[in-house]
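Trainee: I would like to learn how to read a sheet and a domain contact. Please take me through them one feature at a time.

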Amino acid sequence: MTVKGISPTAIATYVTCKYKYYLRYLLGLREQDEIEETMEANTMGTAIHAVFETVYKEVTGKPLEINWVKQVAKDNKRIEEALQIGFNKRFDNDALMQGENHLYYSISLKMIELFFNNEIHQLEELKANNSSLTVVAVEELLDSTVQVGDVPVLIKGTSDRIELEGNILRIADFKSGKSGKVELKQEELDLIFTDKKYAKHAQLLTYALAYTLKYPETPFPIKSGIYWLQDMAKGFDALTINGDDLLSKEMIQHFQELLRSLFAEMLDPGTPFLKTDDRDACRYCDFKGICKR
Ligand code: SF4
């Protein structure tokens with residue numbers, strides 16, 4: 001945590017199951033060390049990210065134009081080439097075009113198509129409101145330090161997309177898994193590290209904190225949210241607190257204090273890495289064999 005850093009995903013894993021965090025991040029057991037024979041959901045997510053990174057890199061820093069997005073969305077050759085490069089870390093093209101893998105490849109293309117359709121829709125809406133959307137950065141490394149007593153803890157994660165909605169900064173995460181709700185009540189904020197149902201909320205606030213620590217001049221309020229690739233009808237699904245999607249400086253500072261306490265617990269050698277009581281979390285866990293769950 002102090003040298004290699006801890007990612008927002010690792011924090012979410014700790015919130016979900018401390019034992020899983022221990023296996024994955026302290027013992028370094030990989031969930032997928034071997035080459036896959038068939039596609040896994042996170043492989044699909046990684047390949048789709050690669051497409052968005054390739055495409056949006058060329059237009060960072062200037063407002064997105066609807067016609068540009070329409071043009072890119074129609075450029076099947078370019079999209080497929082970028083997608084195949086994304087998949088080629090795991091599969092060569094022969095393996096990719098067969099059986100179940102081909103099905104996932106087609107699903108990925110559909111998700112990308114729906115993402116661009118949503119992008120066009122949100123740009124039209126913003127334009128109607130005299131606003132705009134600017135991609136500021138893609139795949140930006142957010143490395144920031146939170147001091148826990150004398151110990152500096154490095155938060156290290158990659159944000160999928162940083163964007164500006166008019167003048168409001170938005171930190172966007174692309175998720176290819178099942179969609180969920182990212183709403184919090186004010187009183188739930190203090191419980192954010194106590195239950196796996198808040199893991200995604202904690203991840204979004206960690207990105208927001210890491211970004212604003214890295215760029216202290218960032219004007220508040222900001223937004224932090226998710227593009228659910230399986231549910232693009234939601235568009236940019238911003239985290240809300242008491243129904244408000246604007247995150248103030250005070251909220252982020254309060255979250256930083258909560259995170260500091262969590263880090264103190266994680267750094268305490270007396271803290272046991274217990275298995276979660278929530279059997280639901282075990283259903284799709286790759287370590288359930290080790291755990292006998
Ligand atoms: S199977 Fe359950 S208890 Fe074991 S590591 Fe996974 S989530 Fe934790």
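**Sheet and domains**

Mentor: Strand β3 (residues 168–175) and strand β5 (residues 222–228) pair in the parallel sense over seven bridges. Keep in mind that this is a predicted model.

Trainee: Which residue of β5 is the bridge partner of I171?

Mentor: S224 is the partner of I171.

Trainee: In what order do the five strands of the open sheet lie?

Mentor: The order is β1-β2-β3-β5-β6, with mixed pairing. Because β1 (133–148) and β6 (236–238) each have a single partner strand, they stand at the edges, and one side of each lacks a neighbour in the sheet. From one strand to the next, the twist averages 45 degrees.

Trainee: Which strands does helix α7 lie across?

Mentor: Helix α7 (residues 99–128) lies across β1, β2 (151–165), β5 and β6, at about 95 degrees to β1. Helix α8 (residues 199–214) runs at about 85 degrees to β1 and lies across β1, β2, β3 and β5.

Trainee: How is the chain divided into domains?

Mentor: The domain assignment gives domain 1 as 1–34 + 132–268 and domain 2 as 44–131. Their centres, taken over C-alpha atoms, are separated by 24 Å. Domain 1 puts 19 residues into the contact and domain 2 puts in 22 residues.

Trainee: Which elements give two or more residues to the side of domain 1 that touches domain 2?

Mentor: Those elements are β1 and β2. The largest share, seven residues, comes from β1. By class, that side of domain 1 has 10 nonpolar, five polar and four charged residues.

How values were computed: Residues numbered from 1 in each chain as written. Predicted model: local features only at pLDDT ≥ 70, side-chain atom pairs only at ≥ 80, totals over all residues. Pairing = 2+ DSSP bridges. Helix = DSSP H or I, 4+ residues; strand = E, 2+ residues; numbered from the N terminus. Axes fitted to C-alpha atoms, helices over the stretch in contact; angles between N-to-C directions. Contact = placed C-beta atoms within 7 Å. Domains from an automatic or database assignment. Nonpolar A, V, L, I, M, F, W, Y, C, P; charged D, E, K, R; others polar.
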